[in-house]
Amino acid sequence: MSFNRREFLVAATTFSIAQAVLPRVGFAQDKKPTRVILLGTKGGPRVGESGRSNPGTLILINDIPYVIDCGYGTSRQLLSAGIALNRLKYIFITHQHSDHNLEYGPLLYNAWITGLPAQVNAYGPPDLKDMTRDFFNYLKFDIDTRIADEGRPDPRNQVVATDFDQPGVVLVNDDVKVSSCRVKHPPITQAYAYRFDAKDRSVVISGDTAYAPELADFAKGADVLVHEVMYLPGVEALVKRSPNARRLREHLMASHTLPEDVGKIAARAEVKTLVLSHFVPGDDASITDEQWAEGVRKHFTGRIVVGKDLMEI
Ligand SMILES: [Zn+2]
Ligand SMILES: [Zn+2]
């Protein structure tokens with residue numbers, strides 16, 4: 001007989017394990033774990049000669065990309081992170097400073113020209129809807145030519161841009177709830193942080209903000225807080241080289257957060273991991289990771305990550 005007792009037992013055991021365990025394991029395996037990848041970590045619109053790219057963050061939730069901010073270079077950084085551009089589905093803009101939106105339109109275009117299979121939904125403060133329309137007008141000749149000449153679909157029908165001017169729930173789908181909190185970034189009043197509550201992980205992106213205790217409440221208990229940071233000695237050095245030094249210093253001090261204050265926010269929020277990003281200044285290689293982190297550590301005893309482009313958290 002080819003069927004011995006041991007084989008029968010193995011088969012029976014495998015069957016019963018499969019019966020008992022598979023339905024639950026199967027459900028968990030349907031969902032991919034939430035991943036956070038920094039696309040660009042340099043604050044400000046100036047394109048650096050090397051090093052950090054301009055701001056952008058990617059969250060992959062169940063393998064679907066959510067792009068937060070589109071600084072110059074975002075398309076290239078997405079490719080470097082292994083994301084084909086036609087996978088683009090959701091974009092969130094924190095505020096309309098150009099280091100956060102300069103590549104918003106070009107990213108939409110790059111996704112379209114790669115062959116977008118689905119609709120892209122973009123969310124942000126005013127006037128995102130008008131900006132989207134204006135960008136497509138800017139490229140009207142090219143787009144109309146390619147539609148007629150290459151038989152492409154009309155990208156103006158594939159992008160839905162939604163403005164909001166109050167904090168609240170931005171998006172809910174099967175995988176995540178996205179909400180926004182207004183932050184302090186004068187003179188801009190329409191500046192927001194985003195919170196992504198996925199089933200396995202919660203992630204908060206500060207956007208650009210001065211010290212804002214309300215952000216700590218918004219980020220309460222999050223697994224990951226990605227917070228902007230400004231290093232004062234680096235700013236003083238930057239200001240010395242700048243023709244509009246006094247105004248620049250005033251703007252930076254009023255609208256960004258020093259490491260000590262980032263530490264206070266992370267401590268009050270009781271986040272598990274704090275990720276520093278949007279470094280100001282972002283291209284001063286003389287500032288060490290330890291210098292970025294030491295002020296934070298005075299107040300926050302959790303895990304601190306000094307962000308780098310394409311780092312995954
Ligand atoms: Zn910025
Ligand atoms: Zn800004």
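Biologist: In S9, which residue is the bridge partner of Cys181?

Modeller: Ala193. This is a predicted model, where local features need pLDDT of at least 70, side-chain atom pairs count only at pLDDT 80 or more, and totals for chains, interfaces and linings use all residues. Residues are numbered from 1 along each chain as its sequence is written, and side-chain values use heavy atoms, without hydrogens and water.

Biologist: What are strands, and when do two of them pair?

Modeller: Strands are DSSP runs (E, at least two residues), numbered from the N terminus. Two pair if DSSP finds at least two bridges between them. Here strand S8 (residues 176-182) pairs with S9 in the antiparallel sense over 7 bridges. S9 also runs antiparallel to strand S10 (residues 202-205), joined by 4 bridges. Asp197 stands opposite Ser202 in S10. S9 and S10 form a hairpin, with 3 residues between them.

Biologist: Why is strand S9 called largely enclosed?

Modeller: Buried means under 20% relative accessible area, exposed over 50%, partly exposed in between (1.4 Å probe, protein chains only). In S9 (residues 192-198), 6 of the 7 residues are buried, so the rest of the structure largely encloses this strand.

Biologist: Are Cys70 and Cys181 buried or exposed?

Modeller: Cys70 is buried, at a relative accessible area of 0%. Cys181 is buried too, at 9%.

Biologist: How many disulfides are there?

Modeller: A disulfide is a pair of cysteine sulfur atoms within 2.5 Å. The count by this rule is 0.

How values were computed: Chains lettered and ligands numbered in written order.
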